[in-house]
Amino acid sequence: METVEVFDTDGKGRGLKAAKEFWAGDVIFAERAYAAVVFDSLTHLVCHTCFKRHAKLHRCGQCKFAHYCDRTCQKDAWVNHKNECAAIKKHGKAPNENIRLAARIMWRIEREGGGLTEGCFVSIDSLQNHVEHFGEEEKKELRLDLESFLEFWPHDGKQFAMQYISHILGVINCNGFTLSDQRGLQAVGVGIFPNLCLVNHDCWPNCTVIFNNGKIELRALGKISIGEELTVSYVDFLNVCEDRRQQLKKQYYFDCTCEHCQKGIKDDLMLAVKEEEKPSPEVVKDVIQFSKEAIEKIDKARSEGLYKEVVKLCRACLEKQEPVLGDTNIYMLRILSILSEVLSYLQHVDEAAGYSKRMADGYLKLYHPNNAQLGMALMRAGVTHWHAGLIEAGHGMICKAYAILLVTHGPTHPITKDLEAMRIQTEMELRMFQQNEFMYYKMREAALQNQQIQVLPEPTNEISPGIFQKKQ
């Protein structure tokens, strides 16, 4: 941790600044979780130690709740699972992830004390909990969590004051970081990382965070000078500044004063309308309201697996949007993203490619050039084009995605390795295409007759991996 320094920021409390110069892709620091748990819905599908998804996991013979890749993961987990295992057996069932994480934190505090741990700039005790900012609904949820915690916590263990338990639950509420599976495609758990909690927000940050091989990595998105504050984005940039500020205020209890929010940078692009035959404000308002209502229906249909209904709703929404909204309008981009993903899953790749191209073109004008979400979207669009036989466009998108993920994820991350293999394969196919286009398509046709095209996994509404996520 010689690479960073803690300092008092102007109006944002503590923060971290660079103690040396960094360049794009540099790992500024890596940190293991102080405590972490698997999401309730995935406890039988994800290893409780390394958070990797596996088809066959070994179940703890005592509590029948925890699952592990193998004996190595089970042995590594025992120091954190020992108390939990006994408590689950006594309680009769495992509580929700919030309570399990709070209990794991407090068992560690019971073992080691609440002070600074090795390699940490800040203790769990001194992290912000924002309990004093809770609204009535949040206070009600906190009381319910307190009751659940007290029912689960062993009576023969160290007894903590109600105020301290509330502090821990508050810390989880606003500082829990989502952990992704081994490929970085799905959020599978939540953990507390004390040093990461010191990194402040900026809507256009100079760093990103990725979970890789059991640790989070804070990675530089570009050149960072000595003394420059390190920032990450707590929310997706693809919202107008007023919506981002409202989300940050509601979820993290602060008013964002970053340059992009103060100046409304890119808001005009995100709300763009057709330049030729410019529509009236009333028409634009009606189309955006229609889009919001359509997205709610689409999300519901998608969560129920009604993918043909999703396609139907998306097409109807696009029909309304296309004469009115601009190519970078976020409401149109959301529909294009969903439609291209679902059509790819249904193996209508030719149609999906066109929608994914429009989505990618819009994203390139809005996102930071080294944004991880942009990289993943370009990868998805590139694969869709590749499967549709559009090898030139597909290879180009995959190369762009690979360049971004080298910065955001690093060369050793599994998804970057997958992307590198795609890049090599599409480069080889592109050379074949350029040498003999007819032969390329004949060989592709023969290959497709012998093997079904591999497409993206089933679309879901599950949360994607990101920065701090407030537990709903």
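Helices here are DSSP runs of H or I that hold at least four residues, and they are numbered from the N terminus. The model itself is predicted, and every stop below should be read with that in mind.

Begin with residues 71–91, which make up helix H1, and pick out Ala77 within this helix. Ala77 is buried, because its relative accessible area is 7% and buried means under 20%. With residues up to four places away in sequence set aside, Ala77 touches Thr49 and Tyr68.

Is Glu138 buried or exposed? Glu138 counts as buried, with a relative accessible area of 18%. A polar atom of the Glu138 side chain lies 2.9 Å from the backbone nitrogen of Gly135, and the Glu138 side chain also makes a polar contact, at 2.6 Å, with the side chain of Tyr253.

For the aromatic residues, select Trp107, Phe149, Phe152, Trp153, Phe160 and Tyr164, which together form one aromatic cluster. Two of its members, Phe149 and Trp153, are both buried. With ring centres within 6.5 Å taken as a pair, the count comes to 16 aromatic pairs. Phe149 and Trp153 have ring centres 5.3 Å apart and ring planes at 20°, so this pair is stacked.

Turn now to the largest nonpolar core, which has 142 residues, and display Ile28, Ile105, Ile168, Leu218 and Leu230, the members that touch the most other members. Helix H10 gives the most to this core, with 10 residues. In soluble globular proteins, nonpolar side chains tend to be buried together. If you centre the view on Leu230 and leave aside its neighbours within four places in sequence, its contacts include Val4, Leu16, Ile28, Val199, Leu218 and Ile224, and also Lys17, Asn200 and Asn206.

Select residues 281–303 for helix H8, a run of 23 residues that reaches 33 Å from its first C-alpha to its last, close to the 33 Å expected at 1.5 Å a residue. Which residues of H8 are buried? They are Val284, Val287, Ile288, Ser291, Ala294, Ile295, Ile298, Ala301 and Arg302. An α-helix has 3.6 residues a turn, so residues three or four places apart point the same way. The buried residues of H8 pack against helix H9 (307–321) and helix H10 (330–345), and just after H8 you will find Gly305 with a positive phi of about 75°.

Lys320 lies over the face of Phe290, at 5.3 Å from the ring centre, while the charged end of Arg334 sits over the ring of Tyr331, 5.4 Å from its centre.

Finish at helix H12, residues 372–387, whose 16 residues reach 23 Å from first C-alpha to last, close to the 22 Å expected at 1.5 Å a residue. Because 14 of the 16 residues of H12 are buried, this helix is largely enclosed by the rest of the structure. Its N-terminal end is capped by Asn371, which has a side-chain oxygen 2.7 Å from the backbone nitrogen of Gln373, and H12 is followed by Gly389, whose phi is positive, near 85°.

Key: Residues are numbered from 1 along each chain as its sequence is written. This is a predicted model: local features need pLDDT of at least 70, side-chain atom pairs count only at pLDDT 80 or more; totals for chains, interfaces and linings use all residues. Side-chain values use heavy atoms; hydrogens and water are left out. Helices (H or I, at least four residues) and strands (E, at least two) are DSSP runs, numbered from the N terminus. The expected span of a helix is 1.5 Å times one less than its number of residues. Buried means under 20% relative accessible area, exposed over 50%, partly exposed in between (1.4 Å probe, protein chains only). Contact means heavy atoms within 4.5 Å. A polar contact is a pair of N or O atoms within 3.5 Å; within protein, one must be able to donate a hydrogen and the other to accept it, and residues adjacent in sequence count only if both atoms are side-chain atoms. A nonpolar core is a set of buried Ala, Val, Leu, Ile, Met, Phe, Trp, Tyr and Cys residues joined through side-chain atoms within 4.5 Å. Rings of Phe, Tyr and Trp (its six-membered ring) pair if their centres lie within 6.5 Å; planes under 30 degrees apart count as stacked, over 60 as edge-to-face and the rest as tilted. A charge sits over a ring if NZ of Lys or CZ of Arg is within 6 Å of the ring centre and within 35 degrees of the ring normal.
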